[in-house]
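Student: I've got a protein model open and I'd like to look at its aromatic rings. Can we go through them together?

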Amino acid sequence: MIGKKVLLVEDNKKIIEGNARKLTRSGYKVFCALSLSEARSLLNNQPDILVLDIMLPDGSGLEFMQEVRESEYAATPILLLTGLAAREDIVRGLNSGGDDYMTKPYDFDVLLARIEALIRRSAKLPEFINKGCLSIDVVAGVAMCNGEDLLLGKKECALLLIFAQNEGVYIEAEDLYARVWKVPMGSDGTALKSAIKRLRQKLSGSEWSIGWSRGEGYVFEKA
(Lines give C-alpha, C1' and ligand atoms only; values in the text may rest on other atoms or scores of the structure.)
Protein backbone atom coordinates (compact mmCIF):
# COMPACT_ATOMS: atom_id res chain seq x y z
CA MET A 1 0.00 0.00 0.00
CA ILE A 2 1.28 3.40 -1.01
CA GLY A 3 3.39 5.15 1.63
CA LYS A 4 3.25 2.28 4.14
CA LYS A 5 6.47 1.19 5.85
CA VAL A 6 7.87 -2.34 5.68
CA LEU A 7 10.74 -3.65 7.79
CA LEU A 8 12.45 -6.61 6.08
CA VAL A 9 14.62 -8.83 8.29
CA GLU A 10 16.55 -11.31 6.17
CA ASP A 11 20.21 -12.39 6.10
CA ASN A 12 20.22 -13.35 2.42
CA LYS A 13 21.37 -10.17 0.71
CA LYS A 14 20.05 -11.18 -2.71
CA ILE A 15 16.58 -11.91 -1.34
CA ILE A 16 16.33 -8.77 0.77
CA GLU A 17 17.56 -6.51 -2.03
CA GLY A 18 15.12 -8.06 -4.52
CA ASN A 19 12.15 -7.73 -2.16
CA ALA A 20 13.14 -4.17 -1.20
CA ARG A 21 13.40 -3.12 -4.84
CA LYS A 22 10.00 -4.57 -5.77
CA LEU A 23 8.25 -3.23 -2.67
CA THR A 24 9.71 0.23 -3.26
CA ARG A 25 8.45 0.08 -6.84
CA SER A 26 5.01 -0.78 -5.43
CA GLY A 27 5.00 2.40 -3.35
CA TYR A 28 6.25 1.16 0.03
CA LYS A 29 8.93 2.73 2.16
CA VAL A 30 11.31 -0.12 2.97
CA PHE A 31 13.81 -0.61 5.79
CA CYS A 32 16.24 -3.53 5.55
CA ALA A 33 17.96 -5.46 8.33
CA LEU A 34 20.43 -8.29 7.73
CA SER A 35 20.49 -9.20 11.43
CA LEU A 36 18.35 -8.95 14.55
CA SER A 37 20.57 -6.22 15.99
CA GLU A 38 19.89 -4.09 12.90
CA ALA A 39 16.18 -4.91 13.14
CA ARG A 40 16.01 -3.71 16.75
CA SER A 41 17.53 -0.38 15.78
CA LEU A 42 15.07 0.05 12.89
CA LEU A 43 11.91 -0.60 14.90
CA ASN A 44 11.80 3.04 15.95
CA ASN A 45 10.80 3.82 12.35
CA GLN A 46 7.41 2.37 13.37
CA PRO A 47 6.91 -0.01 10.43
CA ASP A 48 3.38 -0.91 9.37
CA ILE A 49 4.45 -4.53 8.91
CA LEU A 50 7.46 -6.70 9.71
CA VAL A 51 8.56 -9.41 7.25
CA LEU A 52 10.78 -11.67 9.32
CA ASP A 53 13.08 -14.59 8.59
CA ILE A 54 13.46 -17.15 11.39
CA MET A 55 17.04 -18.31 10.95
CA LEU A 56 19.29 -15.28 11.38
CA PRO A 57 23.03 -14.96 12.14
CA ASP A 58 22.59 -13.46 15.61
CA GLY A 59 19.55 -15.34 16.89
CA SER A 60 16.08 -16.72 16.24
CA GLY A 61 13.43 -14.68 14.51
CA LEU A 62 10.86 -16.33 16.78
CA GLU A 63 12.60 -14.97 19.88
CA PHE A 64 12.79 -11.53 18.29
CA MET A 65 9.10 -11.76 17.49
CA GLN A 66 8.40 -12.36 21.19
CA GLU A 67 10.40 -9.21 21.99
CA VAL A 68 8.26 -7.25 19.55
CA ARG A 69 5.03 -8.66 21.00
CA GLU A 70 6.11 -7.49 24.47
CA SER A 71 7.11 -4.00 23.30
CA GLU A 72 5.32 -0.83 22.23
CA TYR A 73 5.20 -2.32 18.72
CA ALA A 74 3.13 -5.31 19.83
CA ALA A 75 0.29 -4.62 17.38
CA THR A 76 2.58 -4.57 14.32
CA PRO A 77 1.60 -7.36 11.87
CA ILE A 78 4.36 -9.93 11.41
CA LEU A 79 4.73 -12.15 8.35
CA LEU A 80 7.25 -14.94 8.80
CA LEU A 81 9.17 -15.62 5.56
CA THR A 82 11.45 -18.60 6.00
CA GLY A 83 12.93 -21.75 4.55
CA LEU A 84 11.48 -23.81 7.42
CA ALA A 85 8.61 -25.60 5.72
CA ALA A 86 7.79 -28.48 8.06
CA ARG A 87 4.27 -28.58 9.50
CA GLU A 88 5.55 -28.23 13.06
CA ASP A 89 7.61 -25.17 12.09
CA ILE A 90 4.56 -23.46 10.59
CA VAL A 91 2.45 -24.26 13.64
CA ARG A 92 5.18 -23.02 15.99
CA GLY A 93 5.61 -19.80 14.02
CA LEU A 94 1.92 -18.95 14.04
CA ASN A 95 1.46 -19.97 17.67
CA SER A 96 4.45 -17.84 18.68
CA GLY A 97 2.77 -14.66 17.44
CA GLY A 98 3.12 -14.67 13.67
CA ASP A 99 0.17 -13.27 11.73
CA ASP A 100 1.07 -15.16 8.56
CA TYR A 101 3.69 -17.67 7.42
CA MET A 102 5.28 -18.14 3.98
CA THR A 103 7.97 -20.60 2.98
CA LYS A 104 10.81 -20.17 0.51
CA PRO A 105 10.87 -20.33 -2.47
CA TYR A 106 7.84 -18.07 -2.98
CA ASP A 107 6.08 -15.94 -5.56
CA PHE A 108 6.63 -12.22 -4.95
CA ASP A 109 3.09 -11.32 -6.08
CA VAL A 110 1.71 -13.66 -3.41
CA LEU A 111 4.03 -12.09 -0.82
CA LEU A 112 2.84 -8.62 -1.85
CA ALA A 113 -0.81 -9.65 -1.62
CA ARG A 114 -0.31 -11.07 1.86
CA ILE A 115 1.53 -7.95 3.02
CA GLU A 116 -1.33 -5.80 1.75
CA ALA A 117 -3.93 -8.03 3.40
CA LEU A 118 -2.18 -7.84 6.79
CA ILE A 119 -1.82 -4.07 6.58
CA ARG A 120 -5.49 -3.67 5.62
CA ARG A 121 -6.53 -5.87 8.52
CA SER A 122 -4.54 -3.81 11.01
CA ALA A 123 -5.24 -0.38 9.52
CA LYS A 124 -8.91 -0.24 10.54
CA LEU A 125 -9.90 1.93 7.60
CA PRO A 126 -12.34 4.69 8.60
CA GLU A 127 -15.95 4.50 7.43
CA PHE A 128 -15.71 8.01 5.95
CA ILE A 129 -12.86 10.01 4.44
CA ASN A 130 -13.38 13.77 4.18
CA LYS A 131 -11.24 16.00 1.97
CA GLY A 132 -12.70 19.49 2.04
CA CYS A 133 -15.88 19.45 -0.06
CA LEU A 134 -15.25 15.80 -0.89
CA SER A 135 -16.70 13.01 1.27
CA ILE A 136 -16.16 9.31 0.61
CA ASP A 137 -18.31 6.62 2.22
CA VAL A 138 -15.74 3.81 2.29
CA VAL A 139 -18.23 1.08 3.19
CA ALA A 140 -20.93 2.03 0.67
CA GLY A 141 -18.48 3.01 -2.06
CA VAL A 142 -20.11 6.40 -2.61
CA ALA A 143 -18.39 9.77 -3.07
CA MET A 144 -20.11 13.12 -2.57
CA CYS A 145 -18.98 16.63 -3.51
CA ASN A 146 -20.77 19.48 -1.75
CA GLY A 147 -23.54 17.04 -0.90
CA GLU A 148 -24.04 15.82 -4.47
CA ASP A 149 -23.40 12.20 -5.44
CA LEU A 150 -20.55 11.98 -7.96
CA LEU A 151 -22.09 8.75 -9.32
CA LEU A 152 -18.76 6.95 -9.46
CA GLY A 153 -18.41 3.51 -10.92
CA LYS A 154 -16.80 0.78 -8.82
CA LYS A 155 -13.34 1.20 -10.37
CA GLU A 156 -13.54 5.01 -10.18
CA CYS A 157 -14.44 4.88 -6.50
CA ALA A 158 -11.61 2.42 -5.80
CA LEU A 159 -9.17 4.79 -7.52
CA LEU A 160 -10.48 7.80 -5.62
CA LEU A 161 -10.13 5.96 -2.32
CA ILE A 162 -6.47 5.17 -3.07
CA PHE A 163 -5.82 8.77 -4.13
CA ALA A 164 -7.57 10.27 -1.09
CA GLN A 165 -5.46 8.13 1.25
CA ASN A 166 -2.26 9.22 -0.51
CA GLU A 167 -2.69 12.94 -1.16
CA GLY A 168 0.41 14.45 -2.77
CA VAL A 169 2.08 11.06 -3.33
CA TYR A 170 2.92 9.96 -6.89
CA ILE A 171 1.59 6.49 -7.68
CA GLU A 172 2.78 4.48 -10.67
CA ALA A 173 0.15 3.40 -13.20
CA GLU A 174 1.12 -0.26 -12.82
CA ASP A 175 0.53 -0.16 -9.08
CA LEU A 176 -2.84 1.58 -9.42
CA TYR A 177 -3.96 -0.95 -12.00
CA ALA A 178 -2.84 -3.96 -9.96
CA ARG A 179 -4.60 -2.70 -6.83
CA VAL A 180 -7.90 -1.87 -8.53
CA TRP A 181 -8.14 -4.55 -11.25
CA LYS A 182 -6.31 -7.19 -9.16
CA VAL A 183 -4.17 -8.33 -12.13
CA PRO A 184 -0.94 -6.98 -13.66
CA MET A 185 -1.47 -4.13 -16.13
CA GLY A 186 0.77 -5.53 -18.85
CA SER A 187 1.46 -3.33 -21.86
CA ASP A 188 -2.06 -1.89 -22.25
CA GLY A 189 -3.13 0.74 -19.73
CA THR A 190 -6.23 1.84 -21.66
CA ALA A 191 -8.69 0.79 -18.94
CA LEU A 192 -6.81 2.76 -16.28
CA LYS A 193 -6.50 5.85 -18.47
CA SER A 194 -10.22 5.74 -19.27
CA ALA A 195 -11.21 5.35 -15.61
CA ILE A 196 -8.97 8.23 -14.55
CA LYS A 197 -10.34 10.41 -17.37
CA ARG A 198 -13.89 9.78 -16.13
CA LEU A 199 -12.83 10.42 -12.53
CA ARG A 200 -11.16 13.71 -13.50
CA GLN A 201 -14.35 14.84 -15.22
CA LYS A 202 -16.47 14.01 -12.17
CA LEU A 203 -14.05 15.85 -9.89
CA SER A 204 -14.02 18.95 -12.09
CA GLY A 205 -16.43 20.81 -9.81
CA SER A 206 -14.41 20.06 -6.70
CA GLU A 207 -11.18 21.50 -5.33
CA TRP A 208 -9.23 18.37 -6.30
CA SER A 209 -7.45 17.21 -9.43
CA ILE A 210 -5.44 14.21 -10.60
CA GLY A 211 -2.05 15.17 -12.01
CA TRP A 212 0.43 13.06 -13.94
CA SER A 213 4.18 13.18 -14.36
CA ARG A 214 6.25 11.00 -16.70
CA GLY A 215 8.37 8.55 -14.74
CA GLU A 216 6.50 9.20 -11.49
CA GLY A 217 2.84 8.45 -12.16
CA TYR A 218 -0.43 9.98 -10.97
CA VAL A 219 -0.92 12.31 -8.01
CA PHE A 220 -4.01 13.54 -6.15
CA GLU A 221 -3.68 17.22 -5.31
CA LYS A 222 -5.51 20.50 -4.78
CA ALA A 223 -6.71 21.97 -8.06
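Student: Let's start with Tyr 177: is Tyr 177 buried or exposed?
Tutor: Keep in mind that this is a predicted model. Anything under 20% relative accessible area counts as buried. Tyr 177 comes in at 11% relative accessibility, so we call it buried.

Student: Where do Tyr 177 and Trp 181 lie?
Tutor: They're 4 residues apart, which is about one turn of the helix. Both sit in helix H7.

Student: Which element has the lowest mean pLDDT?
Tutor: Strand E3 (residues 49-52) has the highest mean, 98. At the other end, with a mean of 85, is helix H7.

Student: How many aromatic pairs does the structure hold?
Tutor: Rings pair up if their centres lie within 6.5 Å. By that rule, the total is 3.

Student: What kind of pair do the rings of Tyr 177 and Trp 181 make?
Tutor: Their centres are 4.6 Å apart and their planes meet at 5°. Planes under 30 degrees apart count as stacked. So this pair is stacked.

Student: And how many residues apart in sequence are the parts that Trp 208 and Phe 220 tie together?
Tutor: These two rings are stacked as well, at 4.8 Å centre to centre with 10° between the planes. Trp 208 lies in strand E12 and Phe 220 in strand E13, so the pair ties together parts whose separation in sequence is 12 residues.

Student: Which residues do ring pairs link into a cluster?
Tutor: Trp 208 and Phe 220 already form a stacked pair. The cluster made by ring pairs consists of Trp 208, Phe 220 and Phe 163.

Definitions and conventions. Residues are numbered from 1 along each chain as its sequence is written. This is a predicted model: local features need pLDDT of at least 70, side-chain atom pairs count only at pLDDT 80 or more; totals for chains, interfaces and linings use all residues. Side-chain values use heavy atoms; hydrogens and water are left out. pLDDT is the predictor's confidence in each residue, from 0 to 100. Helices (H or I, at least four residues) and strands (E, at least two) are DSSP runs, numbered from the N terminus. Rings of Phe, Tyr and Trp (its six-membered ring) pair if their centres lie within 6.5 Å; planes under 30 degrees apart count as stacked, over 60 as edge-to-face and the rest as tilted. Buried means under 20% relative accessible area, exposed over 50%, partly exposed in between (1.4 Å probe, protein chains only).
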